[in-house]
Each structure stands twice: as structure tokens, then as C-alpha cells.
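Work through the exercises below with the sequence and the model at hand. Each task is followed by a solution in steps.

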Amino acid sequence: YHRLDAGVNFFLNKGALSHIFNIGAYNLYNRRNPLYITFRERFVADDTFVKREFVEVSLIQFLPSFSYTLKF
């Protein structure tokens with residue numbers, strides 16, 4: 001399991017107000033990280049043969065984000 005998260009903040013000050021813009025990304029290189037592993041049975045050909053296999057289940061791959069903060 002590994003991922004790369006990145007973010008950048010931009011600051012803008014106007015008098016007594018401070019604006020902060022944040023742009024970021026979760027799992028930047030879009031890797032499928034397993035959340036859990038489950039067991040599955042599949043029928044192959046004419047339903048006479050059962051194939052048993054372990055399957056990795058993952059959720060979020062790449063997720064961009066944006067936020068805005070106003071301080072006064």
C-alpha cells in the first residue's frame with residue numbers, strides 16, 4: 001500500500017482579510033490500493049467447473065480537492 005498526496009496553498013492578503021486557496025490531490029499517481037481482500041467463486045465454461053480466487057477490493061483512486069479559507 002502506498003500513495004502520493006500533494007497540495008499547494010496560495011495566500012492573498014487584502015487589508016484585514018486573509019484569503020487562502022488550496023489545490024490538492026489524493027493518490028496522485030492513481031494507484032489501486034487494496035482496502036481488503038475477499039474470496040470469490042466463479043463458474044467457468046458450462047457451469048461445471050468452479051474457479052476460486054482472491055480478489056482485492058479498492059475504493060478511491062485519484063481524488064482532486066479544492067478549498068478556500070477566509071480569515072478576518
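Phenylalanine 72 is placed in the segment after S5. The model is a predicted one.

**Exercise 1. The nonpolar patch**

Task: Find which residues form the nonpolar patch on the surface, and state which element gives the most to the patch.

Solution.
- Step 1. The members of the patch are Val8, Phe10, Leu17, Ile23, Phe66, Tyr68, Leu70 and Phe72, and together they have about 850 Å² of accessible area.
- Step 2. Two or more residues come from each of strand S1 (6-14), strand S2 (17-26) and strand S5 (63-71).
- Step 3. S5 contributes the most, with 3 residues.
- Step 4. Phenylalanine 72, one of the patch residues, has a relative accessibility of 82%, so this residue counts as exposed.

**Exercise 2. Aromatic pairs**

Task: Determine how many aromatic pairs there are, and classify the pair of phenylalanine 21 and tyrosine 68 by the angle of the ring planes.

Solution.
- Step 1. The count is 2 aromatic pairs.
- Step 2. In the pair of phenylalanine 21 and tyrosine 68, the ring centres are 5.1 Å apart and the planes stand at 40°, so the pair is tilted.
- Step 3. Phenylalanine 21 belongs to strand S2 and tyrosine 68 to strand S5, so this pair ties together parts that are 47 residues apart in sequence.
- Step 4. Phenylalanine 21 has a relative accessible area of 30% and is partly exposed. Tyrosine 68 is also partly exposed, at 41%.
- Step 5. Phenylalanine 39 and phenylalanine 54 form an edge-to-face pair, with 5.5 Å from centre to centre and 65° between the planes.
- Step 6. This pair links distant parts of the chain, since phenylalanine 39 is in strand S3 (residues 36-44) and phenylalanine 54 is in strand S4 (residues 49-57), 15 residues apart.
- Step 7. Phenylalanine 39 is partly exposed at 45% relative accessibility, whereas phenylalanine 54 counts as exposed at 65%.

**Exercise 3. Asparagine 33**

Task: Is asparagine 33 buried or exposed, and which residues does asparagine 33 touch?

Solution.
- Step 1. Asparagine 33 sits in the loop between S2 and S3.
- Step 2. The relative accessibility of asparagine 33 is 8%; buried means under 20%, so asparagine 33 counts as buried.
- Step 3. Leaving out residues up to four places away in sequence, asparagine 33 touches Tyr1, His2, Arg3, Asn27, Val57, Ser58 and Leu59.
- Step 4. There is also a polar contact of 3.0 Å between the side chains of asparagine 33 and arginine 31.

**Exercise 4. Salt bridges**

Task: State how many salt bridges are counted, and work out which residues are joined into one network.

Solution.
- Step 1. The count comes to 4 salt bridges.
- Step 2. One of them joins the side chains of aspartate 5 and arginine 3, at 2.9 Å from N to O. Aspartate 5 is partly exposed at 39%, and arginine 3 is partly exposed at 35%.
- Step 3. Another joins arginine 40 and glutamate 53, at 2.6 Å from N to O. Arginine 40 lies in strand S3 and glutamate 53 in strand S4, so the pair ties together parts 13 residues apart in sequence.
- Step 4. Arginine 40 is partly exposed, at 39%, while glutamate 53 counts as buried, at 16%.
- Step 5. Glutamate 53 also forms a salt bridge with arginine 42, with the closest N and O atoms 3.2 Å apart. Glutamate 53 in strand S4 and arginine 42 in strand S3 are 11 residues apart.
- Step 6. Through shared partners, salt bridges join Arg40, Arg42 and Glu53 into one network.

Conventions:
Residues numbered from 1 in each chain as written. Predicted model: local features only at pLDDT ≥ 70, side-chain atom pairs only at ≥ 80, totals over all residues. Heavy atoms only, no water. Patch = residues over 30% accessible without salt bridge, like charges linked within 9 Å, V, L, I, M, F, W, Y side chains within 5 Å. Areas by Shrake-Rupley, 256 points an atom, 1.4 Å probe, with all protein chains shown as cover. Helix = DSSP H or I, 4+ residues; strand = E, 2+ residues; numbered from the N terminus. Buried < 20%, exposed > 50% of the residue type's maximum accessible area, 1.4 Å probe, protein only. Phe/Tyr/Trp six-rings, centres within 6.5 Å; stacked < 30°, edge-to-face > 60°. Polar contact = N/O pair within 3.5 Å; in protein donor to acceptor, adjacent residues only side chain to side chain. Contact = heavy atoms within 4.5 Å.
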